[in-house]
Amino acid sequence: MYDDPPPIGPRVRCIPPGEDRERLQCPDCGYIAYQNPLIVVGSVAVWEDRILLCRRAIPPRKGYWTLPAGFMEEHETTRQGAAREAWEEARARIDVGGLLAIYDIPRISQVQLIFRAHLVTPEIAAGPESEEVGLFRWDEIPWRDIAFPTVHWSLREHHARLGQDICIPAVNPPPEVAARWETML
């Protein structure tokens, strides 16, 4: 009986004037909807010689272990985001230190910033996004059940830099090194 209202807003994929790639644009007003990479913040948080890991209760990679990390929220600093994620996922209070690594993950449009951190107290508990949490010594880490390559990379960078107070942040390992690490699982 009633006609549907005409679609409004960005709905046409095109290369707008002055741009070099396709964008979603509104043909009525010219508004361009930019889609930019998401920033993930997290930490390798330690208590003495043990590292905090969280078993994921949500997809992707539900049931696998990860570092406390997640998407940055508006109006927070990267360090605040890393501390918030540690609280949300592991009910961990952490003192966020220096930047350990910056990982570019273009296939999923992410930039990951991983910090060094120390737990203020060893009391931890699973948050709503974790099935369980634990503190692991290096030789106890469940390597075969790690959720993502960047978790492997971060853990190895942390281990390689033990005892160093200041470090230049790591970046993605060369593809041949990343592949070798993944075959070691």
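In this report a residue counts as buried under 20% relative accessible area, as exposed over 50%, and as partly exposed in between (1.4 Å probe, protein chains only). The structure is a predicted model, in which local features need pLDDT of at least 70 and side-chain atom pairs count only at pLDDT 80 or more, while totals for chains, interfaces and linings use all residues. Residues are numbered from 1 along each chain as its sequence is written, and side-chain values use heavy atoms, with hydrogens and water left out.

**Salt bridges**

Side chains of opposite charge can pair when their charged atoms come close. With a salt bridge taken as a side-chain nitrogen of Lys or Arg within 4 Å of a carboxyl oxygen of Asp or Glu, the structure holds nine of them.

| Pair | Closest N to O distance |
|---|---|
| E88 and R84 | 3.2 Å |
| E157 and R161 | 2.9 Å |

E88, by contrast, is partly exposed, with a relative accessible area of 27%. Salt bridges with shared partners link E76, R84, E85 and E88 into one network. Within helix α1 (residues 78-90), E88 and R84 lie four residues apart, so about one helical turn separates them. Helices here are DSSP runs of H or I with at least four residues, strands are runs of E with at least two, and both are numbered from the N terminus. In the pair of E157 and R161, both residues are buried.

**Strand pairing**

Strands of a sheet pair through backbone hydrogen bonds, either parallel or antiparallel. Two strands are treated as paired if DSSP finds at least two bridges between them. An open sheet of three strands runs in the order β1-β2-β3, and its pairing is antiparallel. Because β1 (12-14) and β3 (32-33) each have a single partner strand, they stand at the edges, and one side of each has no neighbour in the sheet. Three bridges connect β1 to β2 (residues 23-25) in the antiparallel sense, and C14 stands opposite R23 of β2.

A further antiparallel pair is formed by β8 (residues 94-105) and β9 (residues 110-119), over nine bridges. Y103 has Q112 in β9 as its bridge partner. The hairpin of β8 and β9 has four residues between the strands, and S109 there adopts a positive phi near 55 degrees.
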